[in-house]
Amino acid sequence: PDVRANWAEYLGYSGTRAGVNMANEIRFGTDGWRALIADEFTFENVARCAQGLADFLKGRGTAAQGLVVGYDTRFLSRNFAETVAGVGAANGVKVYLCRKAAPTPAISFNVLHLRAAAAAIITASHNAAVWNGFKFKPEYAGSATQEITDQLEAAIRAAGEPRSVPLDRARDEGLVVDIDPDPPYLQRIGELIDLRAIREAGLTVLVDAMFGAGGGYIPGLVSGGATTVEEMHGQPNPAFPGMEQPEPIAHNLASLIERVKAGGLSVGLALDGDADRVGLVDERGRFVTTLEVFSLLALYLLEAKGQRGPLVKSVTSSMMINKLGSKFNVDVHEMGVGFKNIGPKMSQVDALMAGEESGGFAFRGHIPERDGILSGLYLLEYMARTGKTPSQLLDGLFGQVGPHYFNRRDVSFNPQDRERIEQRLLSGELKELAGLPVRGSDLIDGRRLIFEDAWLASRFSGTEPLLRIYVEADRPEKVQNLLDAAVEYLGV
């Protein structure tokens, strides 16, 4: 316990370990299995996870198609990935091992490119530095559904002692092939985005890569013309210094915001640790909420590009999406949080776009999975195509759907109180909150309450020991009042 406490303290982690998976209980949340490095996330447990995955693939008869194995820039991520590769090879699964750390969407796209059975990606995405994780992407290159992760967890529990072979031997036998994941991914990006238009637009762009796997990608794609791109925090640093966690939300982007506020920049973009999420700072240095970004991207595809197709959103995403759906006569599907719910629906209905409140967005013609790099490039293309600044684009959005304000509050809680909080959360007795009558509610994910010109959702995180409370309303003071009232009502 002292070692764990000191390790966490060294990296500045102050959260509770409530809900963290113990060594004999590897469970996949909204996007993969995540745990504290050197506590539950050990080489032994990663090998157990890999053995279960190999058994799972063999049980489905897809082991011969191969497994893409990738990793991010976190502490020991490459070593953990090599552990997965060694176990896969020992079980006769051909492994395509990435030569370098890469964004999750780039690794995922290689599943389609190589027609592989799946991908295993060592990453904890936006979590704090003391965490690492194991994401599993099936043959469709998106997040695994609940049904699939249930089967995978069962295979891990039933797996015997992990078998492994040295990588040099596996390479000699052709069971491990080293790949560069970038070329096929970058080719697809070039097919979806008018990179020349961005290069010629004369934009001045600042990208915060947050010390993660997305460093270098946006500058490499759009620099070299009239547009200039500068990158900060582009070199990997597994401690993610100066930020709570590599999540592109306002309080982690103070330096990016200050740089943009200083003037002379067209826009600020940020990527999370594995580059599947995006953050946006407008030319005035204002952080643009993820709900606004989702709505901007949807409006761009529907209005400026004239495309049509259903939209898929999490219940914690903006009602602006619903209004845009009505305006442009496209269906909107509301799902539980996590791309394990959103991605399959996106494929089922051939959606134009899908997204969630966390800043992860997916697009038709790519993979049914979040891609922060592609999202950022679509925003730059929007600016290049219209000649407008981010704030002008937002004004145009609000002109069509009205003003919307949003905030999210993450609250740590005593694990002993979870059942009490959950009972309170799921109770249907609440008739008003913050003086506002409750007009309706649903249990799609946690509980969402509907008010006049506002909604509030509360749910337990699937990856961290937190209660998340989300509010969107037509006035900022209404957002604050509802957040405060929810915390008081739930007793957290």
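This is a predicted model: local features need pLDDT of at least 70, side-chain atom pairs count only at pLDDT 80 or more; totals for chains, interfaces and linings use all residues.
Let me turn now to strand β2. This strand covers residues 67–71, and because five of its five residues are buried, β2 is largely enclosed by the rest of the structure. In a regular strand the side chains alternate between the two faces of the sheet. In β2, Leu 67, Val 69 and Tyr 71 point one way while Val 68 and Gly 70 point the other way, and all of them are buried.

Which strands pair with β2, then? One partner is strand β3, residues 95–98, which runs parallel to β2 and is joined to it by three bridges; within this pairing, Val 69 has Leu 97 as its bridge partner. Together with helix α3, residues 77–90, the strands β2 and β3 make a right-handed β-α-β unit. Another partner is strand β4, residues 118–122, which pairs with β2 in the parallel sense over five bridges, and there Leu 67 stands opposite Ala 118.

The next topic is charge. The count comes to 38 salt bridges in this model, and I will walk through three of them. In one, the side chains of Lys 137 and Asp 31 meet at 3.4 Å, N to O. Lys 137 lies in strand β5, residues 131–137, whereas Asp 31 lies in the loop between α1 and β1, so the pair ties together parts that are 106 residues apart in sequence. Both Lys 137 and Asp 31 are buried.

In another, the side chains of Arg 370 and Glu 356 form a salt bridge at 2.8 Å, N to O. Here Arg 370 sits in the loop between β15 and α14, and Glu 356 in the loop between β14 and β15, 14 residues apart. Arg 370 and Glu 356 are buried as well.

The remaining example joins the side chains of Arg 408 and Glu 357, at 3.2 Å, N to O. Since Arg 408 belongs to strand β16, residues 405–412, and Glu 357 to the loop between β14 and β15, this pair ties together parts that are 51 residues apart in sequence. Arg 408 is buried, with a relative accessible area of 17%, and Glu 357 is buried too, at 8%. Salt bridges that share partners also join Asp 31, Lys 135, Lys 137, Asp 274, Asp 276, Glu 356, Glu 369 and Arg 370 into one network.

Finally, let us stay with the loop between β14 and β15, because Ser 358 is found there and counts as buried at 9% relative accessibility. Which residues does Ser 358 contact, leaving aside its neighbours within four places in sequence? They are Arg 277, Thr 290 and Arg 370, and Arg 370 is the residue whose side chain meets that of Glu 356 in a salt bridge.

Note on methods
Residues are numbered from 1 along each chain as its sequence is written. Side-chain values use heavy atoms; hydrogens and water are left out. Helices (H or I, at least four residues) and strands (E, at least two) are DSSP runs, numbered from the N terminus. Buried means under 20% relative accessible area, exposed over 50%, partly exposed in between (1.4 Å probe, protein chains only). Contact means heavy atoms within 4.5 Å. Two strands pair if DSSP finds at least two bridges between them. A crossover is right-handed if, with the strands pointing away from the viewer, the path from the first strand over the helix to the second runs clockwise. A salt bridge is a side-chain nitrogen of Lys or Arg within 4 Å of a carboxyl oxygen of Asp or Glu.
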